[in-house]
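Work through the exercises below with the sequence and the model at hand. Each task is followed by a worked solution.

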Amino acid sequence: MVAVPEMDNDGIPGRDEKGTATLFFQRLTIVFGAGTVFISILGLASIYWNLGIYRFFYPDYKTIAFSAALIWIVSGLILAFQVKKPFRGRIRACILAVIVVIAIFALIEFPLQLLGQSFIIETWLYQFGNAILAYPTTPISPVAAGLMIPSSLALFLLVYVFGSHEKIQDARSTVGILGIFVVLVSFTFLLSYIYGIPFLYETSFLPLAPESTITLLLLGAGFITAAGPDAAPLKYFTGNSTKAHLLRTFVPLVIILIFAQSFLQATFFSVYTLNSALSMALFLVAVTIVTTYVVGKVSGSLSNAIDSAEHHRRAAEEQYRALFGNVNIGILRSTPGSQGSLVEVNPAAIRIFEADSREQLLAVPPSALYFNPEQRRLISDEIVAKGSIKGMEVRYRTLNGKPIWARITATKKTSETGEIWFDSTIEDITEQKQAVEALQESERKYRNLYQYAQVGLFETSLKDGTVVACNERYATLAGFLSAEDAIGNDIVHLYMNTDDRKEVSRILHTEGHIDDHIVQFKNHVTGRPFWAQFSARLNREEDRAEGTIIDITAQKESEAALRESEELFKGVAERSSDLILLVNKRGIATYVSPSVERILGYLPDEIVGKTPEDFIIPDDITAVWEGVNKSVSGEYIGGVTVHSRKKSGEYAIMEMTSSPIIKEDRISGIQVIARDITDRKVVEYQRELLISELEQKNAELERFTYTVSHDLKSPIITIRGFLGLLAEDVKKGDIDQMDSDIRRIFSATDKMQGLLEDLLTLSRIGRITNPPESINFGTIAEEAAEQLAGVIRKHDVTVTIAPDLPDVFVDHTRIREVLVNLIENAIKFRGDQPVPTIEIGMRCDEREPVFFVKDNGIGIEEPYTKRIFVLFEKLDAKTEGTGVGLAIVKRIIEVHGGKIWAESPGRGLGSTFSFTLPVTESKCIYIPKKGKRDE
């Protein structure tokens with residue numbers, strides 16, 4: 001089976017891996033910063049409580065300086081927080097100032113400590129530490145002061161440079177190198193404590209506390225990890241390269257071995273003096289550095305060798321894979337015989353046989369791919385017998401049943417176990433076969449075209465101008481019976497005018513060619529003149545001129561007729577009341593009739609050169625282009641309704657028809673006739689609106705009739721029942737019961753009278769009884785409140801009317817009736833509200849002002865917000881009224897062209913009745929959305 005090398009990404013870390021590594025080192029930096037703070041605080045705590053942790057191992061050890069502990073705490077905090085979230089703005093400036101102060105302190109203190117003196121600030125901090133800790137502390141070590149200088153520089157770069165330029169690689173590497181320096185120096189002093197060598201903590205010259213040693217080691221390590229995996233020194237150890245793997249493996253191992261050997265030597269075999277101990281510590285650090293360098297160099301060389309070998313291996317695999325996967329020739333491996341099978345195929349073979357996948361093609365027996373399956377057996381036998389075949393043309397069939405031609409080359413291969421298979425290449429030559437057949441067919445057609453073309457073709461000699469070759473059309477135009485008769489005659493005799501012949505000859509010999517020159521020729525026999533389009537080329541190699549003659553007499557006559565027709569069309573178009581446009585196949589207007597100014601407000605020149613997008617709304621563009629495309633295809637399109645944008649910004653409804661313009665049996669453009677049907681559409685809309693209103697009125701009348709018959713029947717039944725009871729009471733002489741019956745009869749008649757009066761009022765609402773007038777809505781609201789002043793005072797209701805309400809154009813009396821009804825309704829359903837309030841005002845809802853009457857009463861549950869406007873609908877049957885009031889309000893609002901609706905947050909939370917009315921001047925500012933049009 002053909003093996004395809006697998007591709008991998010070794011040594012090429014992806015973005016996710018790199019981001020994960022960076023996040024790991026950021027978290028590690030925070031740990032180091034926190035460790036720095038913790039060790040420093042632990043040192044101060046051991047002094048405060050006199051724990052003597054280190055004194056147990058080293059009786060004369062130096063305690064940590066109070067000033068050093070403070071500086072390590074501040075440095076650790078800055079390191080941790082800068083990595084977690086870089087400082088910005090004023091905080092960053094303050095942090096930088098603190099770092100600079102530390103650096104200045106260290107620069108001054110370091111030389112003074114070497115001379116056995118202290119800076120005044122250090123003396124003050126020393127005394128301040130004694131006072132706070134209540135235990136004697138020591139001055140800062142000159143080593144600690146010296147290491148503060150690179151530490152301050154590293155912190156400064158972290159805060160300043162990283163905050164401004166996040167990707168400065170040199171700054172990152174500088175921080176990492178400073179971290180290495182701090183780590184190596186602190187590590188040297190740490191060894192003295194580990195080995196028990198007293199030269200670093202018993203002498204007065206270089207006393208360094210163990211807490212400072214550990215703190216500096218953590219701080220330096222934090223600088224290295226803060227520099228990140230892309231900067232020195234971590235960049236040599238991170239990543240998936242071979243060198244990085246080797247360094248991560250060998251360097252820690254070498255350091256551990258050296259450290260173990262030196263520890264054993266220091267513990268069991270030697271007694272160290274100051275010089276020998278110092279030399280040993282420095283030797284250990286030096287050996288570590290040199291070993292790391294040597295391992296790095298060796299790792300680099302080994303890595304380069306391995307990477308080079310890997311590169312060559314991958315390059316070879318890539319070449320093979322590219323050859324197998326990208327070559328346009330199909331590659332197949334199969335077993336022999338008519339019952340053989342496919343073992344492997346490349347993508348080109350999958351494409352040639354139109355398979356959906358490699359698996360689909362491998363599942364097909366090779367014989368099924370042959371147009372003649374028997375041919376598979378014959379070819380298989382030939383390969384087995386001869387060992388190979390080359391360049392055999394075979395007809396195949398794709399998996400979709402399409403026949404193809406292919407050129408096959410195959411070789412027999414035999415394995416060590418004696419198994420035989422074929423390695424074959426298949427080149428699709430279907431197009432070549434078709435090209436050869438097409439060429440043969442083209443040659444045949446060319447011969448027929450030359451002989452029977454409607455264009456006269458000829459070749460003349462440059463020496464004497466005689467015709468040496470021509471077709472039948474030329475012979476006919478020249479007046480000869482056949483092409484053979486025309487050969488040998490001089491073409492000069494064709495010219496009607498001698499000057500035309502001279503002009504053609506001059507252009508032809510000067511330019512070497514003449515194209516589409518209009519010449520008047522004549523028939524050689526009849527002398528009949530005809531117009532021709534003459535083209536010719538000089539062929540100086542063969543001393544000939546080759547050319548064509550096209551009879552355009554009919555075209556000339558058509559052009560004259562067309563000019564006359566265009567003049568007639570122009571006259572009709574300019575007098576037409578409809579908009580007439582001529583557009584080309586790309587939809588660009590080439591002519592616009594003058595009526596466009598009356599219909600759309602544009603001048604014709606403002607439309608010429610434009611496309612439909614420039615004056616048709618976006619919603620109708622698709623329909624317009626569909627009509628254009630159909631007309632270009634030769635169809636007549638009629639009755640397309642579109643909305644055209646006028647120059648004034650308004651819209652006109654246009655009914656468009658389009659038809660193709662045919663010239664010389666081909667479509668050259670489109671004629672569009674557009675009629676303004678805006679008025680007609682408005683009438684249709686009004687008619688549909690009236691029909692809709694009529695249907696609504698009929699439905700309402702039906703509901704009205706049912707409700708009236710139902711609600712009036714109830715008091716009649718009551719009256720009839722109590723009349724019967726009254727008759728019995730009269731017979732009995734029961735005066736008290738008779739009075740009760742009469743009162744009930746009066747109550748029923750009052751209810752019936754109220755229903756009839758409300759129904760009469762409702763029936764009269766169908767029209768505006770008083771002429772509409774412009775009046776301030778606030779004035780109407782004040783009149784309604786004044787009309788109900790007694791009821792309002794009785795129930796201690798607060799009515800608030802918003803100031804600066806707009807003027808409305810309404811029936812003054814009817815709208816006051818609306819407000820009276822809504823205010824009464826709010827008072828009636830105020831509930832047990834201790835401070836009932838009613839607010840009358842206006843808000844802006846997008847397009848128009850909306851008036852409202854809002855209360856804090858019992859509210860309305862959601863299912864009933866629409867039912868309350870239905871005739872005789874009462875949510876509480878025990879309340880006063882007939883249930884017609886809100887139906888009257890709705891009818892009055894609708895007669896004024898408005899709408900009304902109710903809203904309520906819920907039971908006990910009040911309700912708001914909102915409605916619209918025609919305003920004289922809206923106080924609402926509406927900004928329309930881009931791309932939308934007003935309906």
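**Exercise 1.** Find the side chain with which the side chain of Ser914 makes a polar contact, and describe the setting of Ser914.

Solution. The partner is the side chain of Arg843, at 3.1 Å; a polar contact is a pair of N or O atoms within 3.5 Å, where, within protein, one must be able to donate a hydrogen and the other to accept it, and residues adjacent in sequence count only if both atoms are side-chain atoms. This is a predicted model, in which local features need pLDDT of at least 70, side-chain atom pairs count only at pLDDT 80 or more, and totals for chains, interfaces and linings use all residues. Residues are numbered from 1 along each chain as its sequence is written, and side-chain values use heavy atoms, with hydrogens and water left out.

Ser914 counts as buried because its relative accessibility is 0% (buried means under 20% relative accessible area, with a 1.4 Å probe and protein chains only). Beyond its neighbours within four places in sequence, Ser914 is in contact with residues including Phe851, Lys899 and Trp901 (contact means heavy atoms within 4.5 Å).

Notes:
Helix = DSSP H or I, 4+ residues; strand = E, 2+ residues; numbered from the N terminus. Buried < 20%, exposed > 50% of the residue type's maximum accessible area, 1.4 Å probe, protein only.
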